[in-house]
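Student: Please take a close look at the aromatic rings in this model. How do they pair, and how are the partners described?

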Amino acid sequence: MTNSSNHLALLIAAPQLGDEAMSRDQAAMAQALLGRGFAVNEILSLHGRLDRPLVIAFLHAASRRVAGWSEGSVFLHVSSHGFFTGEAATEARPGLWFASTDDVTDDNHLFWEELFATLVLPRRVRLTLLPDL
Amino acid sequence: MKAQPGTELACRAHNLPPDHPAQPRGVISYFATAALAEAATLGDWLARIEALVQFEVEANLLPAFYRPELCVLGDRSHAAPGKATSNSSNS
């Protein structure tokens, strides 16, 4: 275990119309984390019809929450649909896809590189990511 | 999931099959949440996920082609989120 008691869980679920699994996955993860000693206020959840501004605002809020930490850990669980641009793995830009249409507009997606750039963590705060998409 | 370099890009995440008793759940999240309780490290967490998957494949609860191909990108010895509940050693 880390020596720090600072820990925070960020749970993002971005179901599209008819998706039921993601909300159940998020609830199960929250329950599992409570069982692992996380307090209720150490689990931040974002769920529903998401878009880029919502997810970015959520990540900014998380960044503010940990900004003063000298060390600690952040766990990020993402349950979403995914997409990518590019024709081969070497040039692919993968991301989260929020829309239920094929119209990948600016607000309907977030590249992983943008997510990591938005979630700003202090140098000694470790990020663990579990993507399910 | 991790695609091998040069292979065709595709999304390979599944939900549990319709006749699975826990559905609707995503395969990765289902096994990850089930395996987390006693995991000490990220490597231990992955091993427990793989063991649960193997058990369900052998029990015919999960078709083999639903088996997730997971890996730890980073230090497998890092602690899993939170604290293990029992029967595991801390890193």
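**Aromatic pairs**

Over all chains, the count comes to five aromatic pairs, with ring centres within 6.5 Å as the rule. The model is predicted. A pair of aromatic rings is described by the distance of the centres and the angle of the planes.

Take Y30(B) and F31(B), whose ring centres are 4.8 Å apart. Their planes meet at 70°, so this pair is edge-to-face; the cut-off for that class is over 60 degrees. Y30(B) is buried, and F31(B) is buried as well.

Now F65(B) and Y66(B). The centres of these two rings lie 4.9 Å apart. Their planes are at 50°, so the pair is tilted. F65(B) is exposed, because its relative accessible area is 61% and exposed means over 50%. Y66(B) has 13% relative accessibility, so Y66(B) counts as buried; the limit for buried is under 20%.

A ring can also face a charge. In chain A, the charged end of R93(A) sits over the ring of F111(A). The distance from that charged end to the ring centre is 3.8 Å.

Q54(B) belongs to helix 2, which spans residues 42-58 of chain B. Q54(B) has a relative accessible area of 30%, so Q54(B) is partly exposed. Between Q54(B) and H20(B) there are 34 residues of sequence separation, and their C-alpha atoms are 15 Å apart in space.

Key: Residues are numbered from 1 along each chain as its sequence is written. Chains are lettered from A and ligands numbered from 1 in the order in which they are written. This is a predicted model: local features need pLDDT of at least 70, side-chain atom pairs count only at pLDDT 80 or more; totals for chains, interfaces and linings use all residues. Side-chain values use heavy atoms; hydrogens and water are left out. Rings of Phe, Tyr and Trp (its six-membered ring) pair if their centres lie within 6.5 Å; planes under 30 degrees apart count as stacked, over 60 as edge-to-face and the rest as tilted. Buried means under 20% relative accessible area, exposed over 50%, partly exposed in between (1.4 Å probe, protein chains only). A charge sits over a ring if NZ of Lys or CZ of Arg is within 6 Å of the ring centre and within 35 degrees of the ring normal. Helices (H or I, at least four residues) and strands (E, at least two) are DSSP runs, numbered from the N terminus.
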